[in-house]
Amino acid sequence: MIRRIVLSLAATFAALAMNAQVTKEQILENALDARSIYSTYPGPQGEFTPAPEGYEAFYLTHYGRHGSRYHSSRSNHTHAYKTLKEAKEAGLLTKAGESLYKRIKKLRDDAKGHDSGLTPLGEQEHKGIAERMFNHVPSVFSGSNRIVCRSTTSARCILSMAANNDKLRELNPQLVIERDAYEGNEDFLRNDAYQKEIGKALNALKSSWLDKKVDPSAFLNRIFKDGGAHLDDPNAFMAQVFAVHMICECTGHTGISLDDVFTPEEIFTLWQGWNIRNYHALGNSKKYGKGVTADAVPLLKDIAKRAEKAIGKNGVSADLRFGHDTGLAPLLALLNVNGFGETAGSDDKIYETWADFIVTPMGSNIQFIFYRHAKTGAIIVKVLHNEKESTLPIKTDIFPYYHWEDVSSYFDSLIK
């Protein structure tokens with residue numbers, strides 16, 4: 001299945017740094033992209049602004065989420081499958097229900113033994129990011145330049161790193177690429193202690209919100225001949241099917257889609273529950289944001305420390321890190337990239353300023369690219385979120401570039 005790339009909604013969210021508001025209607029028009037953190041990588045949008053005269057890229061530092069993956073547990077398919085199988089045996093499935101049952105069975109079978117594993121699409125996403133990275137700043141990846149790569153111990157992150165490295169080596173076999181995936185990396189690549197602490201409370205928040213907002217009756221009437229009267233928990237079944245729908249683009253190699261199962265309005269409501277949960281878990285919410293952004297400080301320290309060493313000409317041209325949404329999104333909130341660190345309003349309005357499938361889809365990443373002036377030695381920096389030129393809350397006279405001394409001072413203020 002080919003990834004749908006819908007630019008209109010992504011472009012709308014790119015305006016967040018200018019305090020734009022996103023409407024429900026805009027999301028409804030692109031409802032199939034609202035797959036929460038299971039949305040596939042959208043790819044870059046727009047052209048890159050050339051560096052000011054006299055500047056050349058010499059260093060790139062990066063943090064990337066693993067590529068598209070399977071669900072963390074096959075139980076995400078099994079619960080819905082079991083309910084549909086029992087209904088089939090009881091003769092309660094409609095024609096649409098029969099179709100849904102067959103598709104979820106195939107998806108469940110494909111997921112067996114692949115819990116949290118990288119999918120073929122996930123590998124291709126990281127190869128594409130690596131190739132565009134290489135072409136964007138070829139001076140960083142030229143000759144026998146030294147590239148240092150680190151990953152968490154998760155197989156999906158290690159394989160994402162491997163895909164990136166394979167493509168870089170294909171483009172330039174002379175590159176010296178060092179990589180590791182040691183337990184010690186977890187302290188800064190996956191420092192999610194506070195996020196885990198609040199996880200149960202946020203799952204309860206999501207369930208409570210969905211119970212109040214979701215009316216499953218129309219959906220159940222499409223699937224069951226008795227309108228779901230036999231179900232103990234209709235809302236839970238609808239949520240289980242939606243969980244399978246969300247992952248379908250990641251597992252596009254199966255050729256199976258559930259895009260016809262829900263209406264845009266149903267998708268919008270169900271997705272909101274996930275988005276509310278993820279905003280409080282990964283963003284700068286009024287209640288939890290201080291703890292969430294604190295989780296990102298060790299990662300920012302590593303970025304700042306290694307950047308200073310590269311500026312001092314330690315021989316490293318790129319530091320590439322491979323981790324998770326729980327590492328990337330809090331960093332974006334801490335830095336307030338593109339306004340993603342702004343505190344949203346009430347839960348039912350969070351989507352207007354923060355959407356998980358824009359902030360941290362599969363393969364999402366942040367890149368800081370450093371440029372040095374050939375004569376003066378002055379250093380400027382450009383930040384990319386998902387390969388799009390992005391903003392920091394720092395004054396600059398050369399946007400999308402920033403003076404390093406200003407960025408460095410900003411980093412220090414956040415670390416302290």
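Trainee: How many cavities of 30 Å³ or more does a search of the whole structure find?

Mentor: Two. Keep in mind as we go that this is a predicted model.

Trainee: What makes the space in the largest one a cavity and not a pocket?

Mentor: A cavity is a set of points where a 1.4 Å probe fits but cannot get out, whereas a pocket is an open set. The largest cavity holds about 40 Å³ of space, and its lining consists of F188, L189, R190, N191, Q195, D295, A296, L299, T326, G327 and P330. Two elements, α7 (186–189) and α15 (325–335), each give two or more residues to that lining. The largest share, three residues, comes from α15.

Trainee: Which classes of residue make up the lining of the largest cavity?

Mentor: Five nonpolar, four polar and two charged residues.

Trainee: Let's look at one of the lining residues, Q195. Why is Q195 called buried?

Mentor: Buried means under 20% relative accessible area. Q195 has a relative accessibility of 7%, so Q195 counts as buried. As for its place in the fold, Q195 sits in helix α8 (residues 193–197).

Trainee: How do you know that the side chains of Q195 and D295 make a polar contact?

Mentor: The cut-off for such a pair of N or O atoms is 3.5 Å, and the two side chains make their polar contact at 3.2 Å. D295 also lines the largest cavity, as Q195 does. Leaving aside residues up to four places away in sequence, Q195 touches A281, L282, D295, T326 and P330.

Trainee: What lines the second largest cavity?

Mentor: F48, R132, M133, H136, Q367, L384 and E387. By class, that is three nonpolar, two polar and two charged residues. Helix α5 (residues 120–136) gives the most, with three residues, and the volume of this cavity is about 30 Å³.

Trainee: Stepping back, how many helices and strands does the chain have?

Mentor: There are 17 helices and eight strands.

Trainee: What percentage of the 416 residues count as buried?

Mentor: That comes to 57%. As for contacts between residues at least 6 apart in sequence, 80% join residues at least 24 apart.

How values were computed. Residues are numbered from 1 along each chain as its sequence is written. This is a predicted model: local features need pLDDT of at least 70, side-chain atom pairs count only at pLDDT 80 or more; totals for chains, interfaces and linings use all residues. Side-chain values use heavy atoms; hydrogens and water are left out. Helices (H or I, at least four residues) and strands (E, at least two) are DSSP runs, numbered from the N terminus. Buried means under 20% relative accessible area, exposed over 50%, partly exposed in between (1.4 Å probe, protein chains only). A polar contact is a pair of N or O atoms within 3.5 Å; within protein, one must be able to donate a hydrogen and the other to accept it, and residues adjacent in sequence count only if both atoms are side-chain atoms. Contact means heavy atoms within 4.5 Å. On a 1 Å grid over the protein atoms alone, a cavity is a set of points where a 1.4 Å probe fits but cannot get out, and a pocket is an open set with protein on both sides within 12 Å along at least five of seven lines; lining residues have an atom within 4 Å of a point. Grid points are joined across faces, edges and corners, and a volume is the space filled by probe spheres set on the points. Ala, Val, Leu, Ile, Met, Phe, Trp, Tyr, Cys and Pro count as nonpolar, Asp, Glu, Lys and Arg as charged, and the others, Gly among them, as polar.
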